[in-house]
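Hi,

Here is the structure I said I'd pass along.

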Amino acid sequence: MATHKLLLLPGDGIGVEVMQEVKKLIAWLEKRGVASFALEEDLVGGAAYDAHKVSITDAAMARANAADAIIFGAVGGPKWDNVVYEQRPEAGLLRLRKELDLFANLRPAIVYPALADSSSLKREIVEGLDILIVRELTGGTYFGEPKEIVTLENGQQRAVDTQVYTTSEIERIASVAFELARVRKNLVHSAEKRNVMKSGLLWNQVVTRTHAAKFPDVKLEHILADNCAMQLVRNPKQFDVLVTDNLFGDILSDAASMLTGSLGMLPSASLGAEDRATGKRKAMYEPVHGSAPDITGKGLANPIAQIGSFGMALRYSLGLVEVADAIERSIARVLQQGHRTADIAALGEKTISTTEMGDAIIAALDRELA
Ligand code: NAD
Ligand code: IPM
Ligand code: MN
(Lines give C-alpha, C1' and ligand atoms only; values in the text may rest on other atoms or scores of the structure.)
(Ligands and ions follow the chains in the order given, each with its own letter.)
Protein backbone atom coordinates (compact mmCIF):
# COMPACT_ATOMS: atom_id res chain seq x y z
CA MET A 1 0.00 0.00 0.00
CA ALA A 2 1.37 3.42 -0.95
CA THR A 3 2.23 5.72 1.94
CA HIS A 4 1.01 9.25 1.41
CA LYS A 5 3.08 12.08 2.77
CA LEU A 6 0.84 14.69 4.38
CA LEU A 7 1.74 17.96 6.05
CA LEU A 8 -0.86 19.15 8.55
CA LEU A 9 -0.92 22.87 9.28
CA PRO A 10 -3.72 23.42 11.83
CA GLY A 11 -2.97 27.11 12.41
CA ASP A 12 -5.06 29.11 14.86
CA GLY A 13 -8.46 29.23 16.52
CA ILE A 14 -10.93 26.67 15.26
CA GLY A 15 -8.32 25.57 12.71
CA VAL A 16 -6.81 23.51 15.52
CA GLU A 17 -10.20 22.15 16.58
CA VAL A 18 -11.39 21.05 13.14
CA MET A 19 -7.96 19.61 12.27
CA GLN A 20 -8.28 17.40 15.34
CA GLU A 21 -11.24 15.72 13.61
CA VAL A 22 -9.15 15.13 10.47
CA LYS A 23 -6.41 13.59 12.63
CA LYS A 24 -8.98 11.25 14.15
CA LEU A 25 -10.18 10.30 10.69
CA ILE A 26 -6.62 9.67 9.46
CA ALA A 27 -5.87 7.47 12.47
CA TRP A 28 -9.09 5.55 11.85
CA LEU A 29 -8.33 5.04 8.13
CA GLU A 30 -4.90 3.68 9.03
CA LYS A 31 -6.27 1.38 11.75
CA ARG A 32 -8.87 0.06 9.32
CA GLY A 33 -6.13 -0.60 6.79
CA VAL A 34 -7.81 1.68 4.24
CA ALA A 35 -4.80 3.89 3.59
CA SER A 36 -1.33 4.61 4.91
CA PHE A 37 -0.01 8.07 5.73
CA ALA A 38 3.32 9.57 6.75
CA LEU A 39 2.24 12.57 8.80
CA GLU A 40 4.12 15.73 9.54
CA GLU A 41 2.75 18.72 11.37
CA ASP A 42 3.97 22.29 11.64
CA LEU A 43 2.99 25.75 12.78
CA VAL A 44 1.47 28.46 10.62
CA GLY A 45 -0.15 31.83 11.24
CA GLY A 46 -0.33 33.27 14.72
CA ALA A 47 0.92 30.01 16.21
CA ALA A 48 4.09 30.24 14.12
CA TYR A 49 4.46 33.90 14.99
CA ASP A 50 4.26 33.18 18.71
CA ALA A 51 6.95 30.51 18.44
CA HIS A 52 9.25 31.95 15.76
CA LYS A 53 8.22 35.59 15.09
CA VAL A 54 7.35 34.68 11.49
CA SER A 55 3.99 33.55 10.08
CA ILE A 56 5.61 30.45 8.57
CA THR A 57 9.22 29.26 8.84
CA ASP A 58 11.45 28.32 5.92
CA ALA A 59 11.60 24.82 7.41
CA ALA A 60 7.80 24.51 7.26
CA MET A 61 7.89 25.79 3.67
CA ALA A 62 10.42 23.07 2.81
CA ARG A 63 8.13 20.43 4.33
CA ALA A 64 5.21 21.88 2.36
CA ASN A 65 7.24 21.59 -0.82
CA ALA A 66 8.04 17.96 -0.15
CA ALA A 67 4.53 16.81 0.83
CA ASP A 68 2.11 14.93 -1.43
CA ALA A 69 -0.59 17.19 -0.01
CA ILE A 70 -0.92 19.88 2.63
CA ILE A 71 -3.97 20.00 4.86
CA PHE A 72 -4.43 23.55 6.13
CA GLY A 73 -6.71 24.62 8.99
CA ALA A 74 -7.19 28.36 9.43
CA VAL A 75 -5.12 31.32 10.59
CA GLY A 76 -5.63 34.66 12.26
CA GLY A 77 -7.29 36.21 15.25
CA PRO A 78 -7.45 39.37 17.34
CA LYS A 79 -4.37 38.34 19.35
CA TRP A 80 -2.22 39.22 16.32
CA ASP A 81 -3.99 42.43 15.30
CA ASN A 82 -0.91 44.53 16.01
CA VAL A 83 1.72 42.26 14.54
CA VAL A 84 3.77 43.86 11.76
CA TYR A 85 1.88 43.48 8.45
CA GLU A 86 4.51 41.22 6.82
CA GLN A 87 4.22 38.67 9.63
CA ARG A 88 0.48 38.79 10.29
CA PRO A 89 -0.97 35.27 10.42
CA GLU A 90 -2.61 35.55 6.99
CA ALA A 91 0.81 36.20 5.40
CA GLY A 92 1.80 32.60 6.12
CA LEU A 93 -1.15 31.33 4.11
CA LEU A 94 -0.40 33.72 1.25
CA ARG A 95 3.25 32.66 1.19
CA LEU A 96 2.23 29.01 0.88
CA ARG A 97 -0.14 29.76 -1.99
CA LYS A 98 2.35 31.98 -3.83
CA GLU A 99 5.57 30.03 -3.39
CA LEU A 100 3.92 26.70 -4.24
CA ASP A 101 2.17 28.44 -7.17
CA LEU A 102 -1.25 27.11 -6.12
CA PHE A 103 -3.09 29.22 -8.67
CA ALA A 104 -6.35 27.27 -8.93
CA ASN A 105 -8.64 27.32 -5.91
CA LEU A 106 -11.64 25.04 -6.31
CA ARG A 107 -14.50 25.93 -3.99
CA PRO A 108 -17.49 23.64 -4.45
CA ALA A 109 -20.77 24.76 -2.87
CA ILE A 110 -23.16 21.85 -2.56
CA VAL A 111 -26.51 21.83 -0.82
CA TYR A 112 -26.92 18.48 0.92
CA PRO A 113 -30.56 17.34 0.70
CA ALA A 114 -30.87 17.33 4.51
CA LEU A 115 -29.74 20.97 4.71
CA ALA A 116 -32.08 22.52 2.15
CA ASP A 117 -33.84 24.32 5.00
CA SER A 118 -30.61 25.44 6.71
CA SER A 119 -29.82 28.14 4.16
CA SER A 120 -30.89 31.70 4.75
CA LEU A 121 -32.61 31.41 1.37
CA LYS A 122 -35.80 29.52 0.63
CA ARG A 123 -35.60 25.76 0.05
CA GLU A 124 -36.73 25.99 -3.59
CA ILE A 125 -33.93 28.46 -4.40
CA VAL A 126 -31.12 26.25 -3.08
CA GLU A 127 -32.39 22.67 -3.15
CA GLY A 128 -30.10 20.45 -5.28
CA LEU A 129 -27.54 23.22 -5.77
CA ASP A 130 -24.10 22.10 -6.93
CA ILE A 131 -21.82 24.90 -8.10
CA LEU A 132 -18.06 25.18 -8.33
CA ILE A 133 -16.27 28.46 -7.85
CA VAL A 134 -12.86 28.47 -9.50
CA ARG A 135 -10.94 31.26 -7.84
CA GLU A 136 -7.61 32.52 -9.21
CA LEU A 137 -5.36 32.36 -6.14
CA THR A 138 -1.86 33.69 -6.84
CA GLY A 139 -2.46 36.96 -8.65
CA GLY A 140 -4.63 40.03 -8.61
CA THR A 141 -4.83 42.57 -5.85
CA TYR A 142 -3.52 40.12 -3.24
CA PHE A 143 -0.03 40.16 -4.71
CA GLY A 144 0.17 43.10 -7.15
CA GLU A 145 2.90 45.73 -6.61
CA PRO A 146 2.99 48.45 -5.47
CA LYS A 147 1.23 47.54 -2.25
CA GLU A 148 1.97 50.15 0.36
CA ILE A 149 0.92 52.96 2.64
CA VAL A 150 2.96 56.13 2.09
CA THR A 151 2.85 59.45 3.91
CA LEU A 152 2.48 62.44 1.61
CA GLU A 153 4.07 65.86 2.01
CA ASN A 154 0.75 67.30 3.20
CA GLY A 155 0.68 64.76 6.01
CA GLN A 156 -2.05 62.65 4.40
CA GLN A 157 -1.45 58.94 4.05
CA ARG A 158 -2.02 57.15 0.77
CA ALA A 159 -2.71 53.42 0.56
CA VAL A 160 -2.21 51.47 -2.66
CA ASP A 161 -3.12 47.94 -3.67
CA THR A 162 -2.55 46.92 -7.27
CA GLN A 163 -4.74 44.63 -9.32
CA VAL A 164 -2.51 42.93 -11.90
CA TYR A 165 -3.21 40.08 -14.29
CA THR A 166 -1.21 38.80 -17.24
CA THR A 167 -2.48 36.83 -20.22
CA SER A 168 -0.94 33.56 -19.04
CA GLU A 169 -2.36 33.88 -15.53
CA ILE A 170 -5.88 34.34 -16.91
CA GLU A 171 -5.48 31.66 -19.53
CA ARG A 172 -4.40 28.97 -17.08
CA ILE A 173 -7.21 29.57 -14.61
CA ALA A 174 -9.78 29.79 -17.41
CA SER A 175 -8.51 26.48 -18.81
CA VAL A 176 -8.98 24.83 -15.40
CA ALA A 177 -12.56 26.12 -15.25
CA PHE A 178 -13.40 24.92 -18.77
CA GLU A 179 -11.85 21.49 -18.15
CA LEU A 180 -13.84 21.05 -14.96
CA ALA A 181 -17.04 22.22 -16.67
CA ARG A 182 -16.62 19.44 -19.25
CA VAL A 183 -17.11 16.82 -16.54
CA ARG A 184 -19.98 18.78 -14.96
CA LYS A 185 -22.83 20.61 -16.70
CA ASN A 186 -20.58 22.12 -19.38
CA LEU A 187 -21.31 25.73 -18.41
CA VAL A 188 -18.82 28.42 -17.31
CA HIS A 189 -19.65 31.90 -16.05
CA SER A 190 -16.68 34.26 -15.98
CA ALA A 191 -17.09 37.19 -13.57
CA GLU A 192 -15.10 40.44 -13.74
CA LYS A 193 -15.68 44.19 -13.94
CA ARG A 194 -14.60 45.02 -17.48
CA ASN A 195 -16.81 48.10 -17.27
CA VAL A 196 -14.42 49.81 -14.82
CA MET A 197 -11.22 47.78 -14.64
CA LYS A 198 -8.54 47.23 -17.27
CA SER A 199 -7.75 43.93 -15.63
CA GLY A 200 -11.42 43.05 -16.03
CA LEU A 201 -11.26 43.91 -19.71
CA LEU A 202 -8.19 41.73 -20.27
CA TRP A 203 -9.76 38.95 -18.18
CA ASN A 204 -12.83 39.03 -20.42
CA GLN A 205 -10.80 39.01 -23.63
CA VAL A 206 -8.45 36.21 -22.59
CA VAL A 207 -11.30 34.01 -21.32
CA THR A 208 -13.07 34.55 -24.66
CA ARG A 209 -9.94 33.68 -26.63
CA THR A 210 -9.16 30.62 -24.50
CA HIS A 211 -12.72 29.43 -25.00
CA ALA A 212 -12.63 29.85 -28.76
CA ALA A 213 -9.23 28.23 -29.13
CA LYS A 214 -9.53 25.23 -26.83
CA PHE A 215 -13.04 24.82 -25.38
CA PRO A 216 -15.67 25.83 -27.95
CA ASP A 217 -17.83 22.87 -26.83
CA VAL A 218 -18.33 24.45 -23.37
CA LYS A 219 -21.01 27.11 -22.94
CA LEU A 220 -19.48 30.40 -21.77
CA GLU A 221 -21.28 33.37 -20.22
CA HIS A 222 -19.61 36.61 -19.11
CA ILE A 223 -21.13 38.35 -16.11
CA LEU A 224 -20.20 41.53 -14.24
CA ALA A 225 -19.07 40.60 -10.74
CA ASP A 226 -21.61 42.78 -8.93
CA ASN A 227 -24.47 41.28 -10.90
CA CYS A 228 -22.95 37.87 -10.20
CA ALA A 229 -23.20 38.48 -6.44
CA MET A 230 -26.85 39.39 -6.89
CA GLN A 231 -27.59 36.41 -9.15
CA LEU A 232 -25.93 34.05 -6.65
CA VAL A 233 -28.59 34.89 -4.09
CA ARG A 234 -31.44 35.44 -6.60
CA ASN A 235 -31.14 32.21 -8.58
CA PRO A 236 -27.92 30.29 -7.79
CA LYS A 237 -28.95 27.20 -9.75
CA GLN A 238 -28.30 29.06 -13.04
CA PHE A 239 -24.56 28.55 -12.34
CA ASP A 240 -22.38 25.50 -12.85
CA VAL A 241 -18.72 26.64 -12.85
CA LEU A 242 -17.92 30.22 -11.92
CA VAL A 243 -14.41 31.45 -12.70
CA THR A 244 -13.20 34.72 -11.27
CA ASP A 245 -10.21 36.59 -9.89
CA ASN A 246 -8.63 36.33 -6.47
CA LEU A 247 -10.59 39.06 -4.66
CA PHE A 248 -13.99 38.55 -6.29
CA GLY A 249 -13.55 34.82 -5.75
CA ASP A 250 -12.91 35.36 -2.04
CA ILE A 251 -16.05 37.42 -1.62
CA LEU A 252 -18.34 35.41 -3.90
CA SER A 253 -17.39 32.14 -2.21
CA ASP A 254 -18.25 33.40 1.27
CA ALA A 255 -21.60 34.52 -0.14
CA ALA A 256 -22.10 31.13 -1.82
CA SER A 257 -21.39 29.38 1.46
CA MET A 258 -24.66 30.63 2.92
CA LEU A 259 -26.55 28.87 0.14
CA THR A 260 -25.29 25.60 1.65
CA GLY A 261 -26.27 26.52 5.19
CA SER A 262 -22.94 27.63 6.65
CA LEU A 263 -19.41 28.77 5.94
CA GLY A 264 -18.49 25.70 8.00
CA MET A 265 -19.65 23.48 5.11
CA LEU A 266 -17.30 24.73 2.35
CA PRO A 267 -14.10 22.82 1.56
CA SER A 268 -11.52 23.87 -1.00
CA ALA A 269 -8.56 22.62 -3.00
CA SER A 270 -5.71 24.91 -3.99
CA LEU A 271 -3.90 23.31 -6.89
CA GLY A 272 -0.72 23.99 -8.84
CA ALA A 273 0.03 23.05 -12.42
CA GLU A 274 0.55 19.42 -13.31
CA ASP A 275 4.17 18.40 -13.67
CA ARG A 276 4.36 16.83 -17.12
CA ALA A 277 7.07 14.36 -16.15
CA THR A 278 5.46 12.99 -12.98
CA GLY A 279 1.78 13.83 -13.54
CA LYS A 280 1.76 15.22 -10.00
CA ARG A 281 0.75 18.66 -8.83
CA LYS A 282 1.39 20.63 -5.65
CA ALA A 283 -1.75 20.98 -3.62
CA MET A 284 -3.07 22.39 -0.40
CA TYR A 285 -6.53 21.67 0.98
CA GLU A 286 -8.13 24.38 3.08
CA PRO A 287 -11.63 25.09 4.33
CA VAL A 288 -13.06 28.37 3.04
CA HIS A 289 -13.69 29.62 6.58
CA GLY A 290 -11.27 31.34 8.92
CA SER A 291 -10.21 30.86 12.52
CA ALA A 292 -13.61 32.01 13.86
CA PRO A 293 -12.41 33.73 17.04
CA ASP A 294 -16.04 34.24 18.13
CA ILE A 295 -16.55 30.49 18.65
CA THR A 296 -13.00 29.27 19.38
CA GLY A 297 -12.64 26.93 22.34
CA LYS A 298 -16.35 26.25 22.66
CA GLY A 299 -16.69 23.03 20.67
CA LEU A 300 -19.06 24.82 18.30
CA ALA A 301 -17.03 24.65 15.09
CA ASN A 302 -18.45 22.60 12.26
CA PRO A 303 -15.65 20.23 11.09
CA ILE A 304 -17.35 19.33 7.78
CA ALA A 305 -15.47 21.96 5.70
CA GLN A 306 -12.16 20.63 7.06
CA ILE A 307 -13.08 16.97 6.67
CA GLY A 308 -14.41 17.76 3.17
CA SER A 309 -11.09 19.43 2.35
CA PHE A 310 -9.26 16.28 3.47
CA GLY A 311 -11.65 14.33 1.21
CA MET A 312 -10.64 16.56 -1.70
CA ALA A 313 -6.98 15.73 -0.94
CA LEU A 314 -7.78 12.02 -1.20
CA ARG A 315 -9.56 12.67 -4.50
CA TYR A 316 -7.22 15.10 -6.25
CA SER A 317 -3.78 14.31 -4.81
CA LEU A 318 -3.71 10.79 -3.41
CA GLY A 319 -5.73 8.78 -5.92
CA LEU A 320 -8.08 7.53 -3.16
CA VAL A 321 -11.25 8.46 -5.03
CA GLU A 322 -13.37 5.68 -3.54
CA VAL A 323 -12.48 6.68 0.00
CA ALA A 324 -13.22 10.30 -0.89
CA ASP A 325 -16.62 9.24 -2.27
CA ALA A 326 -17.30 7.27 0.92
CA ILE A 327 -16.45 10.31 3.06
CA GLU A 328 -18.85 12.42 0.97
CA ARG A 329 -21.62 9.85 1.44
CA SER A 330 -20.87 9.68 5.18
CA ILE A 331 -21.25 13.44 5.52
CA ALA A 332 -24.58 13.28 3.64
CA ARG A 333 -25.65 10.38 5.87
CA VAL A 334 -24.95 12.07 9.22
CA LEU A 335 -26.80 15.16 8.03
CA GLN A 336 -29.69 12.94 6.94
CA GLN A 337 -29.67 11.37 10.40
CA GLY A 338 -30.18 14.85 11.84
CA HIS A 339 -26.74 15.46 13.32
CA ARG A 340 -26.22 19.23 13.48
CA THR A 341 -23.51 21.51 14.77
CA ALA A 342 -24.93 24.85 15.90
CA ASP A 343 -24.21 26.68 12.63
CA ILE A 344 -26.47 24.37 10.59
CA ALA A 345 -29.14 23.72 13.23
CA ALA A 346 -32.62 25.16 12.98
CA LEU A 347 -33.91 27.16 15.92
CA GLY A 348 -34.50 24.84 18.89
CA GLU A 349 -32.97 21.84 17.10
CA LYS A 350 -30.63 19.60 19.12
CA THR A 351 -26.96 20.32 18.39
CA ILE A 352 -23.76 18.34 18.74
CA SER A 353 -20.16 19.43 19.24
CA THR A 354 -17.22 19.49 16.83
CA THR A 355 -15.93 16.22 18.26
CA GLU A 356 -19.32 14.53 18.15
CA MET A 357 -19.75 15.49 14.50
CA GLY A 358 -16.30 14.02 13.74
CA ASP A 359 -17.25 10.82 15.58
CA ALA A 360 -20.58 10.59 13.73
CA ILE A 361 -18.85 10.90 10.35
CA ILE A 362 -16.36 8.16 11.27
CA ALA A 363 -19.22 5.91 12.45
CA ALA A 364 -21.02 6.48 9.14
CA LEU A 365 -17.80 5.79 7.24
CA ASP A 366 -17.38 2.56 9.16
CA ARG A 367 -20.66 1.37 7.66
CA GLU A 368 -19.85 2.77 4.20
CA LEU A 369 -16.60 0.82 4.03
CA ALA A 370 -17.96 -2.35 5.65
P1 NAD B 1 -14.36 33.44 9.78
O2 NAD B 1 -14.51 32.62 8.57
O3 NAD B 1 -13.31 33.01 10.76
O4 NAD B 1 -15.77 33.51 10.55
C5 NAD B 1 -16.91 34.14 9.99
C6 NAD B 1 -18.16 33.65 10.74
O7 NAD B 1 -18.43 32.31 10.38
C8 NAD B 1 -18.01 33.65 12.26
O9 NAD B 1 -19.20 34.00 12.87
C10 NAD B 1 -17.66 32.20 12.57
O11 NAD B 1 -18.04 31.78 13.85
C12 NAD B 1 -18.42 31.45 11.49
N13 NAD B 1 -17.74 30.21 11.14
C14 NAD B 1 -16.62 30.10 10.39
N15 NAD B 1 -16.24 28.83 10.28
C16 NAD B 1 -17.12 28.11 10.99
C17 NAD B 1 -17.25 26.72 11.27
N18 NAD B 1 -16.39 25.81 10.79
N19 NAD B 1 -18.29 26.31 12.04
C20 NAD B 1 -19.17 27.20 12.51
N21 NAD B 1 -19.12 28.53 12.28
C22 NAD B 1 -18.09 28.98 11.53
O23 NAD B 1 -14.09 34.92 9.30
P24 NAD B 1 -13.71 36.24 10.15
O25 NAD B 1 -14.36 36.19 11.48
O26 NAD B 1 -13.96 37.35 9.25
O27 NAD B 1 -12.14 36.12 10.33
C28 NAD B 1 -11.50 35.64 11.51
C29 NAD B 1 -10.02 35.47 11.23
O30 NAD B 1 -9.84 34.40 10.32
C31 NAD B 1 -9.35 36.69 10.58
O32 NAD B 1 -8.08 36.82 11.17
C33 NAD B 1 -9.24 36.31 9.12
O34 NAD B 1 -8.18 36.92 8.46
C35 NAD B 1 -9.01 34.83 9.24
N36 NAD B 1 -9.40 34.06 8.05
C37 NAD B 1 -8.57 33.03 7.75
C38 NAD B 1 -8.90 32.19 6.71
C39 NAD B 1 -7.99 31.04 6.43
O40 NAD B 1 -7.11 30.76 7.23
N41 NAD B 1 -8.14 30.35 5.32
C42 NAD B 1 -10.09 32.37 5.98
C43 NAD B 1 -10.91 33.44 6.34
C44 NAD B 1 -10.56 34.28 7.39
C1 IPM C 1 -9.77 32.74 2.31
C2 IPM C 1 -9.32 33.79 3.31
C3 IPM C 1 -7.96 34.33 2.91
C4 IPM C 1 -8.11 35.05 1.58
C5 IPM C 1 -7.25 35.27 3.91
C6 IPM C 1 -7.19 34.70 5.29
C7 IPM C 1 -5.89 35.61 3.44
O8 IPM C 1 -10.27 34.79 3.44
O9 IPM C 1 -9.04 31.76 2.10
O10 IPM C 1 -10.87 32.88 1.75
O11 IPM C 1 -8.53 36.22 1.55
O12 IPM C 1 -7.81 34.44 0.57
MN1 MN D 1 -12.12 34.34 2.42
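**Helices α1 and α12**

Helices α1 and α12 are roughly parallel to each other, because their angle falls under 35 degrees. Bear in mind that this is a predicted model. To put numbers on the pair: α1 covers residues 14–31 and α12 covers residues 354–368, and they pack at an angle of about 25° with 9 Å between their axes. Their crossing is right-handed.

If you want to find the contact on screen, look on the α1 side for Glu 17, Val 18, Glu 21, Lys 24, Leu 25 and Trp 28, which meet Thr 354, Gly 358 and Ile 362 of α12. By type, the residues of this contact are four nonpolar, three charged and two polar.

**The sheet**

Then there's an open sheet of 10 strands with mixed pairing. Going across, the order is β2-β1-β3-β12-β11-β4-β5-β10-β8-β9. β2 (36–41) and β9 (219–224) each have a single partner strand, so they are the edges, and each has one side without a neighbour in the sheet. On average, neighbouring strands are turned by 25° against each other, ignoring direction.

Asn 105 sits opposite Arg 135 of β5.

Helix α8 (residues 225–234) also packs on the sheet, where it touches β8 (187–192), β9 and β10 (241–244). The direction of α8 makes about 105° with that of β9.

Cheers

Conventions: Residues are numbered from 1 along each chain as its sequence is written. Chains are lettered from A and ligands numbered from 1 in the order in which they are written. This is a predicted model: local features need pLDDT of at least 70, side-chain atom pairs count only at pLDDT 80 or more; totals for chains, interfaces and linings use all residues. Two strands pair if DSSP finds at least two bridges between them. Helices (H or I, at least four residues) and strands (E, at least two) are DSSP runs, numbered from the N terminus. Axes are lines fitted to C-alpha atoms, for helices over the stretch in contact, and angles run from 0 to 180 degrees between N-to-C directions. Two residues are in contact if their C-beta atoms, placed from the backbone, lie within 7 Å. Angles under 35 degrees count as roughly parallel, over 145 as roughly antiparallel, 65 to 115 as roughly perpendicular and the rest as oblique. A crossing is left-handed if the near helix is turned anticlockwise from the far one by less than a right angle, and right-handed if clockwise. Ala, Val, Leu, Ile, Met, Phe, Trp, Tyr, Cys and Pro count as nonpolar, Asp, Glu, Lys and Arg as charged, and the others, Gly among them, as polar.
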